[in-house]
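Student: I've got a structure here and I'd like to talk it through. Could you show it first?

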Amino acid sequence: MNGVSVAAIYVLLHSILSFYISMDKTLASGIAIVVAIGVQYWLHSAFTFESRASDRAQIMRFIATIFLGLIVSQVVVGYLGPILGIAEILSVFMVIFVLPVSNFLFFSLWVFRPALKDNNCVDSN
């Protein structure tokens, strides 16, 4: 549900900035994506993974995961698709289905993973 909400925020904000305020489309897209990524981080930290949103290391891991997703989508659509002779629209659909799964794995196993507690101090009596 977070992904749909974030996509809707991006489309809505980009549309308002680009069509109603007549902002340059590249600038409108940049502003919309930064806002959408911020909302995505907040939604995931607050609701999906219930972690502290103010953890700087966590924020950096989140940003790294977002950039990794950008690289993966660029490679699939711009490089692998053409090499394999896959139509661009099919490459885009591959990204649409693969990226949410890989993001969830990165988010749950790395970005929002709870800190491991020291189990050596537990009294077994």
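Predicted model: local features only at pLDDT ≥ 70, side-chain atom pairs only at ≥ 80, totals over all residues.

Student: Which helices do the buried residues of α3 pack against?

Tutor: Helices are DSSP runs (H or I, at least four residues), numbered from the N terminus, while strands are E runs of at least two. The buried residues of α3 include F62, I66 and V76. They pack against α2 (25-48) and α4 (88-111).

Student: Where is the kink in α3 centred?

Tutor: The bend at a residue is the angle between axes fitted to the seven residues ending there and the seven starting there. In α3 there is a kink of about 35°.

Student: How many residues apart in sequence are the parts that the F49 and F112 pair ties together?

Tutor: Rings of Phe, Tyr and Trp (its six-membered ring) pair if their centres lie within 6.5 Å; planes under 30 degrees apart count as stacked, over 60 as edge-to-face, the rest as tilted. A search of the whole structure finds 9 aromatic pairs. F49 and F112 are stacked, at 4.9 Å centre to centre and 10° between the planes. F49 lies in the loop between α2 and α3 and F112 in the segment after α4, so the parts tied together are 63 residues apart.

Technical notes:
Residues numbered from 1 in each chain as written. Heavy atoms only, no water. Buried < 20%, exposed > 50% of the residue type's maximum accessible area, 1.4 Å probe, protein only. Contact = heavy atoms within 4.5 Å.
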